[in-house]
Structures are given as structure tokens and as C-alpha cells.
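Here's a quick briefing to read with the model open beside you. Take it one topic at a time and find each piece as you go.

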Amino acid sequence: MTSRKIEILVGLFVAAAIAAFFMLAMSVSNMSSYGAGDSYEIKARFDNIGGLKVRSPVAAGGVTIGRVTEIQYNSDTYEAVVSMTIEEQYNKFPVDTAASILTSGLLGEQFVGFEPGAEEDFLKNGDVIDLTQSALVLEQIIGQFLYSQSDDEKTE
Amino acid sequence: MFGGLIDRIQYIGAETLRSFQRLGRASVFLLEVIASCADLVLKPTLLIKQLYSVGVQTLIIIVVAGLFVGMVMALQSYYALVDFGAEDSVGVMVALSLLRELGPVVTALLFAGRAGSALTAEIGLMKATEQLSGMEMMAVNPMRRIVAPRFMAGVISMPLLATIFSAVGVLGAYVVVVQLLGLDSGAFWSQPQNKVDLYLDIYNGLIKSVAFGFVASWIAVFEGYDCIPTSEGLGQATTRTVVHSSLAILFMDFILTALMFSK
């Protein structure tokens, strides 16, 4: 085989590999949600974040609008501080927007849900959401349920 | 009676020393190969020829294997998940297992069988027919001329092959689940897009495949260069290449997985 043919085939091989990589990156992985366009950062303070993780989605009305980028614990206020990046196109959330930690499905993973408020001013880069609702911890709910059961029995 | 026992102990000692000597020779050999790789920049044609015989000629078995591995995995996970109504997760299950484990590992095993054994046989035969010493006589360094291009071609080809394997596997899964079993194609693609991470999954898979390519090519060229120059020795060297590379790949996969995905 001539060296020209060999070089063409090697070129095709490398091109196929690059095409495969882009196919995996674009249509299989979450690359399209990385830094696609501008974004701004919002923080929220929660008493309990449950199973929320870095890179968990942030959703409003069920639509993913951003991702959790950082989770820290503030030992002065005893609260978890969750940083999120929200895509720039969703920049019209009122300042009294409420953030709650929800679970998709019964056993699904947890995400931050935004419930828009009614103020005229919008959230900006670096703002902190104060209206938050913590994750439901199953053990606590079961504990409360058992507790209320035993209360019922006493009153009967 | 004691004589027999001492003979045994001597045998064990000799074998241990021999294997450590081999390991030492292999390490020195690796350093020499890496040092000679710099010359390839000046002579890229040597590398391209080897990329053809190591990479392009392995492509067919990789594509076919990837297609069927993806299809079988999709089929099996579909039947397992459909009982729980979770068949939407087939896409993410196949994509994650291909990118993290099966892509690099199966490609490396096939690579060791198809390309590694050929490298060993080629270099070993060159040694047996005294082509290597002939080159040295002509003041051509066989390390630079023969070994380094083959080694580099292996290291470069492996990640390319593994990427193609994973992509073809996902396409195979798509064909089975969406076209044959009638799952919604939106669900098939959207779940991986949520769960598969570019850095954690795809890049780590690539790092794995580079590491496997490095080890498999190292073992292949060393076994060829170090073989006993007879037909029997050549056969043993080729067998050792496949066995040792496969074991090394599986062992390294465990270590790398533990390092990468442990948190």
C-alpha cells in the first residue's frame, strides 16, 4: 500500500475518533449545560439540605435553569449555604423568590426548586435567598408520625 | 530428603530473582523507549505507518465489538428495568458503564489481543532473524527506528479506539432500545445528558484508556525485544504479551476506578 493511502486511512481514523468524542460530549454528557452562555450566581441558606449534592439541578416550574456549584456549612449561623449558577436568560426572578429542596419522584435525587415571588426587583449576581424550605428527612417524618400516633393513643 | 527441599527453595529463589531481573530490564527498556520517542517528531512517517497497523487495522474489531456490547447491554438492562417501569434509564445505564468501564477495558483487552500480540511477534521475529543486530551494525538505532514508533502508536491509538468503542456502543444501544423496543428517543438521550459528567466520566475514561494503552504497548514491545530468538521463544513471548497485558489491564482498572470514583 502506498504511503499516501496509509496516511489517508490514519487521518480518517483520527477524524472518526474526534467525531466520536464530540458525539459523546455533546449528546451523551452534560457538556451542553456547562457554561453555555452567561450565568449568574445566587446563594441560599438552608437548615438542612438532605441529600443535595454539588451539580444537582436547580429547577423552576420543573424546568432546569441552573446547577448547584458549591455547598458549605456556616458554623456561625448553623446553616448550610448552597451556591447555584443560574443561566443568564432566566434573570427575572423576584427577590422574594422561595427556594426549597425537593425530591424528584419517591426515591429520586434531590434538587433545588424555585417558587417565584411578587416583588418588582429581580435577583442579581451574588444575592442570597432567605425564604427557604429544607429537605424533608424521611426519618424525621417517620419519627413525627410515630410520636403523633402515641399521642392519639393517650387521648383516646 | 533435605536435598529435595533445598532444591525447591533454590528454585523459588531463582524464579524470584529472574522475575525481578525481568522487571528491572523492562523498566530500563521503558526509559530508553521514552527517551527515543522524542526523535519521532523529526520522522512522523514512521509513526503514521505504525498508527495504521496498530490503530486502523484494530478499528474493525473495535467497532463490531462495541456495537454488539452496546446492543446486548441495552437489551439486558431493558428486560431488567422494565419490570420496575424504569426502562427510561437504559440510556444512562449503558452510557455510564461504557464510558467508565467497558469502553476502556474491553478495548484494551481487544487491543492487547489484536495489536499487542502482533507487535511482539513482529519485533521478536526481527530479533530472531537478526534484523535488529543488523540495524545496529549499520549504526541505525533499532530503539528509535523500530520500538519507539510502535510504542507511541499504541499509546496514541488506545484512547482513540476506546472513544470510538463507547460511541458505537451507545449508538448500538439506541438502535436496540429506541428502534426495536420502542422506547422514547427523548428519554434515551435526556437521562445521560443529566447524569453523565464530561469531566468525571468522559475524561476519566480517556485517562484510563491512555494508561491501558501505555501498559499494553510497553508489555508488547518489551516481550518482543526481550524474547528468546527461537520459534518456541517467540510463541511464548506472544502468549505472555496477551496474558500479562490482560491481567495488568484488569488490575489497573480496579486501582484507577478506586482512585477516580471513590468519593
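S3(A) and S4(A) make a hairpin with four residues between them, and A:Tyr78 in that turn has a positive phi of about 55°. Helices (H or I, at least four residues) and strands (E, at least two) are DSSP runs, numbered from the N terminus. This is a predicted model: local features need pLDDT of at least 70, side-chain atom pairs count only at pLDDT 80 or more, and totals for chains, interfaces and linings use all residues. Residues are numbered from 1 along each chain as its sequence is written, while chains are lettered from A and ligands numbered from 1 in the order in which they are written.

**Hairpins in chain A**

- S3(A) and strand S4 (residues 79-87) of chain A pair in the antiparallel sense over eight bridges; two strands pair if DSSP finds at least two bridges between them.
- The S2(A)-S3(A) hairpin has two residues between its strands, and A:Gly61 in the turn has a positive phi of about 60°.

**The whole sheet**

- Strands of a sheet pair through backbone hydrogen bonds, either parallel or antiparallel.
- In chain A, eight strands build an open sheet with mixed pairing, in the order S7-S1-S4-S3-S2-S6-S5-S8.
- Strand S7 (127-129) and strand S8 (132-133) of chain A are at the edges with a single partner strand each, so one side of each has no neighbour in the sheet.

**Chain B**

- How many helices and strands does chain B have? Chain B has eight helices and zero strands.
- Its C-alpha atoms fill a box of roughly 65 × 60 × 35 Å along the principal axes.
- Of the 263 residues of chain B, 43% count as buried (20 or more other C-beta atoms within 10 Å of a residue's own, with C-beta atoms placed from the backbone; 12 or fewer is exposed, and in between is partly exposed).

**Cores and the chain contact**

- The largest nonpolar core has 77 residues, and B:Ala173 and B:Val221 have the most contacts inside it. A nonpolar core is a set of buried Ala, Val, Leu, Ile, Met, Phe, Trp, Tyr and Cys residues joined through C-beta atoms within 7 Å.
- Helix H1 (3-28) of chain A supplies at least two residues of this core, and so does each of H2 (44-82), H3 (90-128), H5 (142-180), H7 (198-226) and H8 (231-260) of chain B.
- H5(B) gives the most to this core, with 22 residues.
- Apart from this core lies another, of 20 residues, including A:Ile49 and A:Phe93.
- Across the chains, 21 residues of chain A are in contact (C-beta atoms, placed from the backbone, within 7 Å) with 25 residues of chain B.

Definitions and conventions. Two residues are in contact if their C-beta atoms, placed from the backbone, lie within 7 Å.
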